[in-house]
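Here is a quick tour for anyone meeting this protein for the first time. Have a look at the sequence and the model, then read on.

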Amino acid sequence: MTASEAHNAARPRVLVIDDSVDVHRLLRARLKHEDLDVVSAEGGAEGLEAADNEPPAIVLLDLSMPEVDGFEVLRRLKDNPKLADIPVIVLSGLSSSQDKVTAFDLGAVDYITKPFDLTELRVRVRSALRMSQLMLMLAQKAQIDGLTGLWNRAYLDSRWPQEVAACHRHERPLSLALLDADHFKSINDLYGHPAGDKVLEGIAQAIRSQIRESDVACRYGGEEFAILMPETTTPEAFVVCERIRQHIESITWARHPERTVTISIGLCGASKAPSEDAAAWLECADKLLYASKQNGRNRVTMEEIAVEQLRTAG
């Protein structure tokens, strides 16, 4: 799960990193009526692992812990791109100005000195969650294509390496499809750019209607789209791509009912992750898309990639 997905959960997760069992017990009791789930980690290393495995919506962090102290935890959280945007509220018995300055310099959003007022803590947690959700909304908006409503190229560039790394780590199948509208320039030339925009919107809708909730559809650029299909073998992904291709070919377009629109698709998948080289995998799908174009368009060209192919690609 990504940090964004954690924020999108129905009940935000609050990760408490503190070596005091009493603090965990107290926070669980006092926050139980809030609309959130409290997760406990009794040390810095345990907290970092918990955050990395399932990023929370917010972190409550003690500074004085053995082995890995709170300052180091905060530093590592902010150095991790996946976790850097998660708000961290420091709960500490350290009250010196220098400790507070250091915590804020490292990226903490708030600092509460122990013993703390529980009503004040609840208010500060709510405030941090609201700000975090607002920042998430702004970040997501910047990653959504304005015309089609799909994720954009920036999102693909950040998400795809994560999917390849997860595939490699868990040895699970993964497929990537690149789709391109055939002869799209002629649609703009003959019927105008508004007609071309309607085609792109229609293709996006067709893609959304055929993929699963766990799949990720993006507008890759221009008239080109990408679909990330986690835990999907190449034959399974081929079935999805064929459904999309046939669906788009069957559409009657209001602005040009006499003109059929088709797409070409390059599909590159693996039963197990051959490599963490996400760029080479993307290049493989792009070459297969080109092959579909060269061989007559309106078709899916697929390939089951092998370990040696990606490790020697490029």
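Helices (H or I, at least four residues) and strands (E, at least two) are taken here as DSSP runs, numbered from the N terminus. Counted that way, the chain comes to 12 helices and 10 strands. Keep in mind that this is a predicted model.

**The whole chain**

Let's start with the big picture. Along the principal axes, the C-alpha atoms fill a box of roughly 75 × 45 × 30 Å. The chain has 314 residues, and 49% of them count as buried. If you take the contacts between residues at least 6 apart in sequence, 70% of them join residues at least 24 apart.

**A five-stranded sheet**

Now for one of the sheets to look at. In what order do the strands of this open sheet of 5 strands come? The order is E2-E1-E3-E4-E5, and the pairing is parallel. Strand E2 (37-41) and strand E5 (110-113) stand at the edges with a single partner strand each, so one side of each has no neighbour in the sheet. On average, neighbouring strands here are turned by 20° against each other, ignoring direction.

Zoom in on one pairing: strand E1 (residues 13-17) and strand E3 (residues 58-61) run parallel and are joined by 4 bridges. Across from Val 16 you'll find Leu 60 in E3.

**Helices on the sheet**

| Helix | Strands touched or crossed | Angle |
|---|---|---|
| H5 (residues 97-106) | touches E4 (88-92) and E5 | about 150° with E5 |

**Helix against helix**

In general, a pair of packed helices is described by the angle between their axes and the distance between the axes. H3 also packs with helix H4 (residues 70-79), at an angle of about 20° and with the axes 10 Å apart. Angles under 35 degrees count as roughly parallel, and H3 and H4 are therefore roughly parallel to each other. Their crossing is right-handed.

Which residues of H3 and H4 meet? On the H3 side they are Gly 44, Leu 48 and Ala 51, and on the H4 side Val 73, Arg 76 and Leu 77. Sorted by class, this contact of H3 with H4 has 4 nonpolar, 1 polar and 1 charged residues.

Technical notes
Residues numbered from 1 in each chain as written. Predicted model: local features only at pLDDT ≥ 70, side-chain atom pairs only at ≥ 80, totals over all residues. Heavy atoms only, no water. Pairing = 2+ DSSP bridges. Axes fitted to C-alpha atoms, helices over the stretch in contact; angles between N-to-C directions. Contact = heavy atoms within 4.5 Å. Parallel < 35°, antiparallel > 145°, perpendicular 65-115°, else oblique. Left-handed = near helix turned anticlockwise from the far one by under 90°. Nonpolar A, V, L, I, M, F, W, Y, C, P; charged D, E, K, R; others polar. Buried < 20%, exposed > 50% of the residue type's maximum accessible area, 1.4 Å probe, protein only.
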